Amino acid sequence: MEKRATFSNLWLAAAFIAPQMLLIFTFFYWPTGEALYWAVSLEAPFGGSNEWVGWLNFQTVFSDPKYWDSVRVSLLFALSSTALSLGIAVLLALFVDRRLAGHQVYKFTFFLPYALAAPAVGLAFRFIFSPDAGFVSAVNRIWPGLWNPAFNGNDAFIMIVLAQAWMMVGYNFIFFLAALQSIPRTVSEAGAMDGAGVLRRMWDIQLPLITPTLFFLIVINITDSFVNSFGIVDITTGGGPARATEVMVYKIYFDGFRGKDYSLAAAQSIVLMLLIIALTFIQFRFIERRVHYS
Amino acid sequence: MVERNPILDTFTHALLIISLIALLIPFWIVFVAASHDFHTVNQVPMPLWPGSHFFENISTAWVQGNFSRVMLNSMIVAVGVTGGKILIASLSAFSIVYFNYRLRTLMFWLIFITLMLPLEVRIVPTYAVAADVLRPYREILNLFGLSIGLPEWNMLNSYSGLILPLIATATGTFLYRQFFLTVPDELTEAAKMDGSGPIRFFLEVLLPLSKTNMAALATIMFVWSWNQYLWPLLIITDQAHYATATMQLQKVVPGPVFGDPPIWNIAMASNLIVLTPPVLVTILLQRWFVRGLISTDK
């Protein structure tokens, strides 16, 4: 789509776009390019320029079982938190969309968790799920040692999944509700005339019509769980116990800034970048097919 | 809506109310924990009703976390990112949409691609650039054999380091472009006929028209930048001067001393302090926030 009426002062056009281009060149394209370069080179031990090593860094990364652990943890984390939060959000949106008395209240409150910073969510959940104080610790009173995210990897993993899912429920809810509200009422009413009950209409009419939104949200949630999980993991578990919650971003941070191994961190970044680019491409395919009924 | 179904209606109300309570419980627990003294908060099971030490804990946490300073820092960063983003996004979208030059499609795609890779995945090299911002330009000049001595500009431990890399994304530009494309051509033609140049048209026609978009973008960007965690954690080592609010949360988690019971009441009070501004913004500007979420599509 192009404008029929445009301005012709090209100097002005250049001046207007220059700040943005400068910023993204300096803080986006150059670093991304540099990550590529670092991934295929090694820093010379006594300074000087980097040495070309080809696939060596990737081989080092891929032959490390700890790396595959972090990939496994990340994928498991992404899938379980996404499934949990989308499942809850779609249920809530379907029932709020019935517009019974008071439905406005939910619209105002369900998305609140999304306004929080990931480390704030992490800190709250760390307290709530702490084994010796807080909310969940009561179960240890009844069955001693049943719950301890500080020692049990599964418990810690459940904790970060719940934190991430809780944070994203509100976001997903907003999108589902918007999608549901863009379905014309007449469609549902026609279903009702044909004798379909409320639940039948939800399953056979409303859910199929919001699948584009569902696909879009799946991608957004997975990407977010890769990227945003750092704050939650850093505050709640620090990647532990025994790396049970070490997600990919956390490992990159750890290898790059604690271990000072830029090349290994860069190679891992590239893998993560490719993963996210792939997801984004999938997302654009579905965005193109997104349906608007309004 | 269409028919009466009392059983399902009761179920709907029950489901929604239970979910509402479940979703809000974490907020309540944080608040309750922040209102008890050290001894009570560590009881198992913890009390579910607020105690009387709320303001005492908040003021202890405020002093301990140096919040007078860090809240100001977070505010500067959030306002800086929000303002900078709106300015840069609106200008570049204006350039792409309203000027006719060959490179504009390329420019658009160059900006658009930045949506794909969030800061967190290119964190290591971005950190290296922030440590010496002019290095890319120095290396480019070197490539052409020009050795002009560009000064070193270190962005670590500075507001510009906290703000500028966060602005370098396409979120707002895309939003503005979409909006500008919906502005009717007749408006531009009328303005040109009346002798208005591009700057005047931008300031007096486009900006007032895009108020709604601006508000939506501003709420989203404010909350997003306030909640940044990894980036400030990396580039700020001068904690006394440049720490942001979210960074303080790392310090109130249980200490390294083994067997020391964590001071949960103060930790939760700090958490409340940090989460209040974004929560307030989303509640007060709820309409814009939701609108922004949906229209930026991230």
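Predicted model: local features only at pLDDT ≥ 70, side-chain atom pairs only at ≥ 80, totals over all residues.
Local features require pLDDT of at least 70 and side-chain atom pairs pLDDT 80 or more, whereas totals for chains, interfaces and linings use all residues. Residues are numbered from 1 along each chain as its sequence is written, chains are lettered from A, and side-chain values use heavy atoms, without hydrogens or water.

**Interface**

In the model, 114 residues of chain B are in contact (heavy atoms within 4.5 Å) with 104 residues of chain A. The two chains bury about 10,200 Å² between them, 76% of it on carbon and sulfur atoms; this buried area is the accessible area (1.4 Å probe) lost on being put together, summed over both parts. The count of salt bridges between chain B and chain A is two, a salt bridge being a side-chain nitrogen of Lys or Arg within 4 Å of a carboxyl oxygen of Asp or Glu. Helix α1 (residues 6-33) of chain B supplies the largest share of the side of chain B that touches chain A, namely 17 residues. Helices here are DSSP runs (H or I, at least four residues), numbered from the N terminus.

**Salt bridges**

Over all chains the count comes to 10 salt bridges, including those tabulated below.

| Pair | N to O distance |
|---|---|
| Arg135(B) and Glu34(A) | 2.9 Å |
| Asp9(B) and Arg98(A) | 2.9 Å |
| Asp69(A) and Arg72(A) | 3.9 Å |
| Arg200(A) and Asp204(A) | 2.6 Å |

Glu34(A) and Arg135(B) also belong to a salt-bridge network with Glu139(B). Asp9(B) has a relative accessible area of 21% and is therefore partly exposed, while Arg98(A), at 8%, counts as buried; buried means under 20%, exposed over 50% and partly exposed in between (1.4 Å probe, protein chains only). Within chain A, Asp69(A) and Arg72(A) are three residues apart in helix α3 (residues 65-96), about one helical turn. Arg200(A) and Asp204(A) lie four residues apart in helix α9 (residues 198-209) of chain A, again about one turn. An α-helix has 3.6 residues a turn, so residues three or four places apart point the same way.

Phe31(B), in helix α1 of chain B, is partly exposed at 28% relative accessibility.

Technical notes. Helix = DSSP H or I, 4+ residues; strand = E, 2+ residues; numbered from the N terminus.
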